[in-house]
Amino acid sequence: MKNNENIFIGLKNMFSNLWQKRKVFYWVWPITFVLSCVWILPQPRTYKCTTTIAPESSDESLGGGLSSLASSFGINLGSNGQDAIYPQLYPKLFESTEFLSELCDIQIVTKDGELQTDYFDYLANHQKKNVLLFPMYWTMGKLQQLMHKDVPAPKGANGERFNPFYLDRKTSLLFEQIKMNISCTYSQTTEIVTITVSDQDPLVSALMADSVKAHLQDYITKYRTKKARLDYEYYLSLYSNAKMEYDQAVKQYADFCDKNQNIVSTTVRVRKDELENEVNRKNGVMDVLFTRLEAAQAKVQEATPAFITIKNSTVPYRASKPKRMIFVLTMLILSTIGTAAWILREEILEWF
């Protein structure tokens, strides 16, 4: 009973002490509010756009059923099909410099319409920064120049601006920024792939989310149909050559018949039969190759995966961060707690 009374008296004394020194808070709160606003208002705002897709499963019916059942319990059985890149590995593609380099050429436009460029130039030269941190940025830039001598990397092949295999320091840092801005996750329970893009402009984030989704679908489609497309191109080449040889054989047969219309000779008849047989043989080869070409084309279509868009990308109307009101309120709460602890430091020490 005495302990409860002592605790009650102690708390009463603390509140009484805080009330007597309440004017301290009248100074702390405005200063904290102003400093918090000065810090948070110049911070660049970022906008987040999310799109979700459901990729077609390449598993067999039995394996797919077992995989789905296992995934509901959080167990991953892996891929039962022949695909090396299955949906669980889609997020890993975003760590590939080859895949990221394709995203750099995506054309973007800002919401105000004042900037139209590619994503690489947008991240490299058109990013807003907190003006309060300019001295720190300048100092860090000078230190990095002194510590790391930036050796220019060789240019990419076919007119590309950089070589994904050999990146310089500036491009490597920009690729790290892309990895921070763009994320991809896969849910084993719902089997849905979620792509999230964060950028300083709301329209850029929506455009990039939609473009990244399209690039991912195109990348997977090219992988899934690579063998079938190679077979199709192979049979197309054979068919084109067979068609050319058939046309030549028909022309040669027609020319021979035109030149020997009124000539009755065993030699002419034998030669005519040889040319006619050659035309029939070439035609038979061309028909066989055409049948295989159609079958290869059907396999390309069969191997092409289907992607169902669950959630389309839309231009966000509200910034995702920084949460300015939350930040200011948090600073006010922390300053209140800190000030109260400083005022009651003697009482707190006595309790411990």
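Is the crossing in which helix 2 passes helix 12 left-handed or right-handed?

Modeller: This is a predicted model, in which local features need pLDDT of at least 70 and side-chain atom pairs count only at pLDDT 80 or more, while totals for chains, interfaces and linings use all residues. Residues are numbered from 1 along each chain as its sequence is written, and side-chain values use heavy atoms, with hydrogens and water left out.

Helix 2 passes helix 12 in a right-handed crossing, the term for a near helix turned clockwise from the far one by less than a right angle. Helices here are DSSP runs of H or I with at least four residues, and strands are runs of E with at least two, numbered from the N terminus. The axes of helix 2 (residues 22–40) and helix 12 (residues 324–343) come within 9 Å and cross at roughly 145°; axes are lines fitted to C-alpha atoms, for helices over the stretch in contact, with angles from 0 to 180 degrees between N-to-C directions. Contact, meaning heavy atoms within 4.5 Å, involves residues of helix 2 including Phe25, Trp29, Phe33 and Cys37, and residues of helix 12 including Phe327, Met331, Leu332 and Ile343. By class, this contact has 14 nonpolar, five polar and one charged residues. Here Ala, Val, Leu, Ile, Met, Phe, Trp, Tyr, Cys and Pro count as nonpolar, Asp, Glu, Lys and Arg as charged, and the others, Gly among them, as polar.

Cysteine 37 is buried, with a relative accessible area of 17%; buried means under 20%, exposed over 50%, and partly exposed in between, with a 1.4 Å probe and protein chains only. Cysteine 104 is also buried, at 0%. The structure holds zero disulfides, a disulfide being a pair of cysteine sulfur atoms within 2.5 Å.

Turning to the sheet, four strands form an open sheet in the order 4-5-1-6, with antiparallel pairing; strands pair if DSSP finds at least two bridges between them. Strand 4 (182–187) and strand 6 (307–311) stand at the edges with a single partner strand each, so one side of each lacks a neighbour in the sheet. The twist averages 25° from one strand to the next. Seven of the nine residues of strand 1 (residues 47–55) are buried, so the rest of the structure largely encloses this strand. Strand 1 pairs with strand 5 over seven bridges, where lysine 48 stands opposite serine 198. Four bridges join strand 1 to strand 6, and alanine 54 stands opposite isoleucine 308 there.
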